[in-house]
Amino acid sequence: MLAMRHISKVYRTELIETHALRDFSLDVASGEFVAVTGPSGSGKTTFLNVAGLLETFDTGSYALDGVDVNDLSDDARSRLRNEKIGFIFQSFNLIPDLDIFDNVDVPLRYRRMKAAERKERITSALDIVGLGSRAHHMPSQLSGGQQQRVAIARAIAGDPKFLLADEPTGNLDSLMARQVMDLLEQINEMGTTIVLVTHDPELARRAHRNVQVIDGQVSDYKPYEARNVPVAATAIA
Amino acid sequence: MVMSDIRPVLSALLRNRTGAILVSLQVAIALAVLVNAIYIVKQRVDLIGRPTGMDVANMFTVVSSGFTQDHDRLATARNDLAWLRAQPGVVAATRTNAIPLSGGGSSTTIGSQPDTPNDKNVAINYFEVDEGGLETFGVKLAAGRNFRAEEIMPPDPNSTKAPPTAIITKSVARALFGSEDAVGKVVYDSLNRPTTIVGVIDHMHGSWVTWDKVDQVALLPVTPSFGGDNLYIVRTAPGLRDETLRKVEEYLSTSDSTRMIRGVRPLEYYRDRSYLSDRNMAIFLVSITALLAGVTALGIFALATFNVSIRTRQIGTRRAIGARRADIVRYFLVENWLVTTGGVLLGVALAFGVGYWLSTQYELPRLDLYYLLAGVLLLWALGQAAAWQPSRRAARISPSVATRTV
């Protein structure tokens, strides 16, 4: 699903160069649930940005679901993000001026889907996260946990192959955090690959595999070995 | 962009409506003022550019003022006209009592019957000329004939006799006789003195450009009889006016020590002076309109810039979940279009209201719908142009903004 080889990413200012990723290699198999952990400043977010095609990298190669992303145009990267990746952000990143239905609708509109199909997918995704009855509430009318579940619905509505979660429980209390993790596990069991970026070892333990990043490198990198991970059972319609 | 794509943009806009409403109001006021102002400017420009019927570009005036006891005004006029008419480049010259388009002249009323009641009389602006008058003004004779030399009446300070003949404009002919041929018909002045119409001019403007009957003009075969002055109007061949004017001024100033020469000016000078307030009004309105359009564009630009700046995270999120740069540009242009359209809809009603008020208060014609349509298109274009740069800036926001926590 995700194959990164010898990726480096350097942030440059007039005064300093920061090597955020250096010789970074990682494989994630289809259907895996991988937790990427590491201390602050270790390069987790840079990894997330590069893996999610939110930023480019300087050297190395990266293939996402068999697509070499190195030379893709900005539009092609946008299309790939839209079709293959679902994002879950720490701060939920819902659009405050849109109701829940319209928030989940946003990525589907960018995919130029027909209205009927969009409606079906939105309803289904909101049902999965248990918010079907709140479709026309505004984000401000929901709790943090509910908002994160809306963000998850938005991420899965497009039926992506790959979910990238950035500290998805960072802004939630423990009960809500557990509910969100349960939901992510449920989605993974349905066949979606998940990469969870977190600094919380408790959450990381719920993943199939942990990858630790220190100083922009995978500290315990091991090539992927086949293991008994769930196969795609049900596509989320 | 279909209606269903507009809905979420509108929905988001309505939740942050204060700025949008203020800019919409600005657009509405701009449209109402702009459309009516430009319509008034167009009327002024049309007024200034109306055909006068005369060869204005090639005419100039000269005033000869005698200032000694022995100054012979009539002899001077004879000599001056003979000299003027003999000059190369001079097409024609005449002596007259007033300068067309200058704001000063003489008027009277005439009727088609003796003892015509006042309300049936026709007001005319008349010019006393000799047989060279018709050609000097460069007007086109539509019917009848020019004056003959023997018809030209000598000066008559007491106005005891009416001129035997007259040449009138079509406008006067229509007012007096409707569609009948006016040539050969007799008209009567307020003392019931008869005058026979011998010619009809196609079109000519008189002295007062703001008069609604400015084309009700008559030429009378009379030698003017005011003071010691002779007023000449000279018409030259195209392109020779300025050169001839200088030569005429130089010669006449030195040819007779009993008079002074003044008022040597192109007829355009008088026309421009008469239309000065219209021209100034047009310039003022165009300036105000341009200023208003500029302020409106700034308002739209400021709102779009503000909306982009407060939505940096949102834009990054949209980019992260699949929006292309073009989608972001389109979002902000659509949002701006909605704001502008709200203003335009209100502005159309306001423009009609202002137009109606102006038409009733200042007897202006009703607002032309084409101007309204042009104003709407202009403000739409202005709105999109003003929002273009902030929209492009929004599209450059990196999708990685979505993962930043501060």
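**Figure 1. The lining of the largest cavity has six nonpolar, three polar and four charged residues.** The view is taken from a predicted model. The volume of this largest cavity is about 90 Å³. It is lined by 13 residues, and those closest to its centre are A:Ile85, A:Gly86, A:Pro107, A:Arg154 and A:Ala155. Helix H2, strand S6 (85–88) and helix H5 (144–157) of chain A are the elements that give two or more residues to this lining. The largest share comes from S6(A), which contributes three residues.

**Figure 2. The second largest cavity holds about 70 Å³ of space.** In the predicted model, this cavity is lined by B:Leu13, B:Leu303, B:Ala304, B:Asn307, B:Phe332, B:Glu335, B:Asn336, B:Val339, B:Ala387 and B:Ser391. At least two lining residues are supplied by each of helix H8 (276–310), helix H10 (325–362) and helix H11 (369–395) of chain B. Of the elements, H10(B) gives the most to the lining, with four residues. Sorted by class, the lining of the second largest cavity comprises six nonpolar residues, three polar residues and one charged residue. The structure as a whole holds four cavities of 30 Å³ or more.

**Figure 3. The largest pocket contains about 520 Å³ of space.** Its lining is formed by 30 residues, and B:Tyr126, B:Glu128, B:Pro163, B:Arg193 and B:Leu220 lie nearest the centre of the pocket. The elements that give two or more residues to the lining of this pocket are strands of chain B, namely strand S3 (106–110), strand S4 (122–129), strand S6 (165–169), strand S7 (186–188) and strand S9 (217–221). The lining of the largest pocket divides into 17 nonpolar, eight polar and five charged residues.

**Figure 4. Chain A and chain B bury about 2500 Å² between them.** The size of an interface is often given as the accessible area lost when the parts come together. Of the area buried between chain A and chain B, 49% is on carbon and sulfur atoms. On the side of chain A, the residues that lose the most area to chain B are A:Asp97, A:Arg109 and A:Tyr110, which together account for 26% of what that side buries. In terms of contacts, 28 residues of chain A meet 28 residues of chain B.

**Figure 5. Four salt bridges are found across the interface of chain A and chain B.** One of them joins the side chains of A:Asp102 and B:Arg7, with a distance of 2.8 Å from N to O. Between chain A and chain B, 15 residue pairs are in polar contact, counting pairs in which both residues have pLDDT of 80 or more. Helix H1 (44–51), helix H2 (74–84) and helix H3 (100–110) of chain A are the elements that give two or more residues to the side of chain A that touches chain B. By class, this side of chain A has 11 nonpolar, seven polar and 10 charged residues.

Technical notes: Residues are numbered from 1 along each chain as its sequence is written. Chains are lettered from A and ligands numbered from 1 in the order in which they are written. Side-chain values use heavy atoms; hydrogens and water are left out. Contact means heavy atoms within 4.5 Å. Buried area is the accessible area (1.4 Å probe) that two parts lose on being put together, summed over both. A polar contact is a pair of N or O atoms within 3.5 Å; within protein, one must be able to donate a hydrogen and the other to accept it, and residues adjacent in sequence count only if both atoms are side-chain atoms. Ala, Val, Leu, Ile, Met, Phe, Trp, Tyr, Cys and Pro count as nonpolar, Asp, Glu, Lys and Arg as charged, and the others, Gly among them, as polar. On a 1 Å grid over the protein atoms alone, a cavity is a set of points where a 1.4 Å probe fits but cannot get out, and a pocket is an open set with protein on both sides within 12 Å along at least five of seven lines; lining residues have an atom within 4 Å of a point. Grid points are joined across faces, edges and corners, and a volume is the space filled by probe spheres set on the points.
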